[in-house]
Amino acid sequence: MTTEIVIERIKLQKIRLDGGTQPRKEIDEPMVQHYTEILLEGKAKFPPIELWFDGKVYWPSDGFHRFHAHKRAGFTDIEAEVNQGTKRDAFTACLKANSKHGKPRTPDERRYVVQMALEDIEYSNATDHTIAELCDVSVQTVGRVRKALGLEKTTRVTKDGKTISTANRGRPPTSPPPPPAPVYTEDDKLHEMAIEQIALTEENTKLKDMLAIKTLPVSEEARTEVQETIESLRAEVKDLEFKLRTMTQSRNEFQSKNAEMIKQLTYWKKRAERSEKALESK
């Protein structure tokens, strides 16, 4: 029996991002900004994102960058491929997201989805071949990640079908692996909101520039030149602001380290003076 798939536009506010179905460690901010500009300029149409609807909530398994771009561009809905299923189905589907399309997964991101599967209660006991198929990676990659996490399988099946333990055989017991980090914390939300605020401010400035240019009583060619000049100046200002922030941060770090060095020198100077006095008294 095949799952019914429907293409429709879904309200962004109905889509939940906190279900642990994000297959990347973090959102690629430059890519979101690039997608946002494409949407605002109307240059291209993006493929639908992938959602799983459990009768109440829509859980995404693919298309997080497109979601954020639509939200930033002011859209209230987005075209989606809607599957009937649960958050669990979305989690399983997200493990191989972007393996064949979209922004290619980096080696670190491939290892990350393998880690997601290995730390899952249901998939933790699956074979390396099963995990590799779920994540669309090599069996060797799964083995390396499992070993790095200290999650080597502790049982094996004998020829007669019996399951025996191989834990701690020939080596001392190891401590259990640390619990997985939270997927989407309050700090993540605040960081995301801050980034979106900066992007919205930049977009508002860009739109104001475009409106101002359109009202100029000059030819279209002159408007284009003015727009290119403004964009170039805006880019230079942005670059200078970044350099200023970097220099300020470096200065603050230098001052902090310098203060710490002075503190240490003062301490050792006092120690030396006390030692000299102790020697003189003898």
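Asp136 is partly exposed, with a relative accessible area of 30%; partly exposed denotes the range between buried (under 20% relative accessible area) and exposed (over 50%), computed with a 1.4 Å probe on protein chains only. The structure is a predicted model, in which local features need pLDDT of at least 70 and side-chain atom pairs count only at pLDDT 80 or more, while totals for chains, interfaces and linings use all residues. Residues are numbered from 1 along each chain as its sequence is written, and side-chain values use heavy atoms, with hydrogens and water left out.

**Overall architecture**

The protein chain has 8 helices and 6 strands. Helices (H or I, at least four residues) and strands (E, at least two) are DSSP runs, numbered from the N terminus. Along the sequence, these elements follow the pattern β-α-β-β-α-β-α-α-α-α-β-β-α-α. The protein chain comprises 282 residues, of which 29% count as buried. Of the contacts between residues at least 6 apart in sequence, 70% join residues at least 24 apart; contact means heavy atoms within 4.5 Å.

**Helix packing**

Two helix pairs are described in the table. Axes are lines fitted to C-alpha atoms, for helices over the stretch in contact, and angles run from 0 to 180 degrees between N-to-C directions.

| Helix pair | Angle | Axis separation |
|---|---|---|
| H1 (residues 29-41) and H2 (residues 64-72) | about 55° | 8 Å |
| H4 (residues 107-118) and H6 | about 65° | 10 Å |

The angle between H4 and H6 makes H4 roughly perpendicular to H6, whereas H1 and H2 are oblique to each other. Under the convention used, angles under 35 degrees count as roughly parallel, over 145 as roughly antiparallel, 65 to 115 as roughly perpendicular and the rest as oblique.

H4 and H6 cross in a right-handed manner; a crossing is right-handed if the near helix is turned clockwise from the far one by less than a right angle, and left-handed if anticlockwise. On the H4 side the contact is made by Arg111, Val114, Gln115 and Leu118, and on the H6 side by Thr141, Val142, Val145 and Arg146. By class, the contact of H4 with H6 has 4 nonpolar, 2 polar and 2 charged residues. Ala, Val, Leu, Ile, Met, Phe, Trp, Tyr, Cys and Pro count as nonpolar, Asp, Glu, Lys and Arg as charged, and the others, Gly among them, as polar.

H1 likewise passes H2 in a right-handed crossing. Here Glu29, Met31, Val32, Gln33, Tyr35, Thr36 and Leu39 of H1 meet His65, Arg66, His68, Ala69, His70 and Arg72 of H2. The residues of the contact of H1 with H2 divide into 5 nonpolar, 5 polar and 3 charged.

**Asp62 and Asn98**

Asp62 is located in strand S3 (residues 58-62) and is buried, with a relative accessible area of 9%. Leaving aside neighbours within four places in sequence, Asp62 is in contact with Ile49, Glu50, Ala97, Asn98 and His101.

Asn98 lies in the loop between helix H3 (87-94) and H4. Asn98 is also buried, at a relative accessible area of 11%. Not counting residues up to four places away in sequence, Asn98 touches Arg24, Asp62, Lys103, Pro104 and Arg105. Asn98 and Arg110 are 12 residues apart in sequence, with a C-alpha to C-alpha distance of 9.9 Å.

Asp136 is found in the loop between helix H5 (128-135) and helix H6 (139-148). The phi angle of Asp136 is near 60°, a positive value in a residue other than glycine.

Leu216 belongs to the loop between helix H7 (186-214) and helix H8 (220-281) and is partly exposed, with a relative accessible area of 31%. Beyond residues up to four places away in sequence, Leu216 touches Arg223 and Val226. The C-alpha atoms of Leu216 and Val226, 10 residues apart along the chain, are separated by 9.7 Å.

**Cysteines**

A disulfide is a covalent bond between the sulfur atoms of two cysteines. In computed terms, the criterion is a pair of cysteine sulfur atoms within 2.5 Å. The structure holds 0 disulfides. For Cys94, the closest cysteine sulfur is that of Cys135, at 8.6 Å, which is too far for a bond. Cys94 is buried, with a relative accessible area of 0%, and Cys135 also counts as buried, at 0% relative accessibility.
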